[in-house]
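Q: I'd like to go through this model with you. Can you put it up?

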Amino acid sequence: MRVVPARHKIENMMDPVVRLEGLQKRFGSREALRGLSLEIPAGITYGLIGPNGSGKTTLIRILAGISKPSAGGAFVLGRRMPDRSVSCALGYMTQAVALYQDLTVEENLQFFGRVYGVTGARLQKRVDELLELVSLSDRRRSLVEEVSGGMKRRVSLACALVHEPKLLFLDEPTAGVDPELRIQFWDYFRRLAASGVSILVSTHHLDEAFRCDRLGLLREGALLKEGAPGDLRREAQTESLEEAFMYFARRTPP
Amino acid sequence: MSRILALSYRIFRQFARDRRTLVLMFLVPVLIMSLFTWLLRAKPEPFRAAIVVPEKSGEMVGDLLRELLTKNGRVIIVPGFSEKGIDAALKDGRIQAAIVLKDADFEQMQAGKRARLEVALEGSEPMSSRDFLSQLQQVQKPLLDTLRGLVALSDENVQLIAPPEIELRFLYGGPDFGEADYFAPPTICFMAFFFVFIVTGVSFLRERSQGTMERLLASPLSQFEIIVGYLFGFLPFALAQTGVILFFVFYILNIHYLGHLASVLAVEFLVVLIASNMGIFFSSFAKNELQMIQFIPLMVLPQVLLSGMLWSVESMPKALQYLAYILPLTYANLALRNLMIKGFSFAQILPEVGALLVFALLMAAAGILTIRKFGALD
């Protein structure tokens, strides 16, 4: 196990953005994560694939510094989590739309910006840019409770981006989203990745997995398989990722 | 009909499954009613009075007065006071009233003239003062009758003793000081407490149910920053509320009010600090707004009954007094009454302020632990 020195420099392009070392999480007697080990290199879009209850959200919550590992280690940007000193470099879009319904679209963005230390003219500029990105400039003064479900999703994404995070955690960003918006979302993600943001995205839409650079297949809190989407398909000798997933699932009985 | 039954049955099932609501529904009334009955049936602590009469010659009058006043057990006479020590004893609570018969007045009385009987009252509790005065009225006739008999026997010069003129002197309050003046200070802090407790609890709950708590926990905000942020968010409203109440109470309702606004607001600040963290703490035991409302009878009613709002803590049964002193509002009520009724300075209410600070720190710790818990569990 590599020991991270206390004053380890966070910015190092060569270091993995996420490193898991035998990560375990228990809730009472239930084992949500059973010893995960993996590394996510900087600058890629990493997809976490797995059915409901496979531990995707639990893993992301630990990486976001909300939940504590029961055993093993989770390192984000070189820091053992939870560590609030890296939270400014992280963006987190929760599975549910997590917004203040009685504030306007703009006020939500401003609030999350200020919480992350973005203020003044820089905040205003960021808010304008993001409203432009998610095409909500004309709804900026609408209360969140008044806008449509799809718009709330877009605001929710924008809120995770106000402070220009280097590493973005997206927890099933497209669950329950109509196909058009899903395409739009992946377009945003592609643009973010192009600007150098590392992304960890969980999903159970396997067609989306093709758009990731690397995939981790998760089942019942354990990593079934890891690799580039193309390699996984090749190894399973199938055309579709669904079949590949089933192939690896059969090979590793629970 | 079956459709209606389907609905009723569903509601019954849901309700029966909500253990917490069921327990509270049956337990709270029992708890509150027993507390209430206990308080109302308890023999109130007797009123403490002192009698000062001229040495030697007046002792007979003093003994007689003591015997008559203490007959029904509602008054006890604390012995060993001279006229000089009265004010200090009233102030520190050793006695609540003193009856003083001066040498000159005793001579007047002996001469059969109308004498003055000075009654000094602590006065901050209008109900007990009034009760004591009515006791005094009641013993006046038997006292005079006995004295007449005795005097007639001993002194041939006097045929009649005129009833004395009772001169009241109040340390706090005054003759016009009534229940409304007594209830105003605790009402002010109760309002702030109640308002902030509910509002903080509900908005914290909402923070959890709408998922924004997840975002806050992932942000650079520390738990401490979250509770302080919450406090400062609601504080202006709570203090403005206090300001409005004070203005209304003072100018429109003409309530007796002494002391400095700044000190009252400082106590109010501590109450808000306690209430907001208590709201955060209790919100973690609630799944929804309805469950938060269920805390009202459990949290708020005992404080109304026990914190000295309706009757002074001193007059409650001993066992309940211990309970009262673990409630924050007890100290807030004491502090505010001392400020507003007695006109104490801030330095004089420091013990109560200290107790409130301890509560505030404990509750802040509970608030921080509550937020930390949201991260650890799911």
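Q: Is A:Glu220 buried, exposed or partly exposed?
A: A:Glu220 is partly exposed, because 15 other C-beta atoms lie within 10 Å. The cut-offs: 20 or more other C-beta atoms within 10 Å of a residue's own is buried, 12 or fewer is exposed, and in between is partly exposed, with C-beta atoms placed from the backbone.

Q: Before I go on, what sort of model is this, and how are things numbered?
A: This is a predicted model, in which local features need pLDDT of at least 70 and side-chain atom pairs count only at pLDDT 80 or more, while totals for chains, interfaces and linings use all residues. Residues are numbered from 1 along each chain as its sequence is written, and chains are lettered from A and ligands numbered from 1 in the order in which they are written.

Q: Back to A:Glu220. Where does that residue lie?
A: In the loop between β9 (214-219) and β10 (222-227) of chain A. Strands here are DSSP runs of E with at least two residues, helices are runs of H or I with at least four, and both are numbered from the N terminus.

Q: What is its phi?
A: A:Glu220 has a positive phi of about 45°, although it is not a glycine. Most residues other than glycine have a negative phi, and most peptide bonds are trans.

Q: And A:Glu172, where is that and what is its phi?
A: A:Glu172 also has a positive phi, about 40°, and is not a glycine. The residue lies in the loop between β7 (167-171) and α5 (179-194) of chain A.

Q: Why does A:Glu172 count as buried?
A: Because A:Glu172 has 21 C-beta neighbours inside 10 Å.

Q: Which peptide bond is cis?
A: The one from A:Met81 to A:Pro82, with omega near 0°. A:Pro82 is in the loop between β5 and β6 (90-93) of chain A.

Q: β5 of chain A, then. What sheet is it in?
A: An open sheet of 4 strands in chain A, ordered β2-β1-β4-β5, with antiparallel pairing. Its edge strands are β2 (30-40) and β5 (79-80), each pairing on one side only. Two strands pair here if DSSP finds at least two bridges between them.

Q: How many bridges join β1 to β4?
A: In chain A, 5 bridges join β1 (residues 18-27) to β4 (residues 71-76), and the two run antiparallel. A:Val18 stands opposite A:Val76 in β4(A).

Q: Which residues touch the most other members of the largest nonpolar core?
A: A:Leu63, A:Val76, B:Cys189, B:Val271 and B:Ile274, out of 128 residues in that core. Helix α10 (residues 261-283) of chain B gives the largest share of this core, 12 residues. By a nonpolar core I mean a set of buried Ala, Val, Leu, Ile, Met, Phe, Trp, Tyr and Cys residues joined through C-beta atoms within 7 Å.

Q: What is in the second core?
A: It is separate and has 28 residues, including B:Val61, B:Ile86, B:Ile99 and B:Leu121.

Q: What domains does chain B have?
A: The assignment gives domain 1 (47-170) and domain 2 (178-376); such bounds come from an automatic or database domain assignment. Their C-alpha centres lie 43 Å apart. In chain B, 4 residues of domain 1 are in contact with 7 residues of domain 2.

Q: Last topic: how many residues make the contact between the chains?
A: 21 residues from chain A and 14 residues from chain B. On the chain B side, α8 (212-218) and α14 (350-376) each supply at least two residues, and α8(B) gives the most, with 5 residues.

Key:
Two residues are in contact if their C-beta atoms, placed from the backbone, lie within 7 Å.
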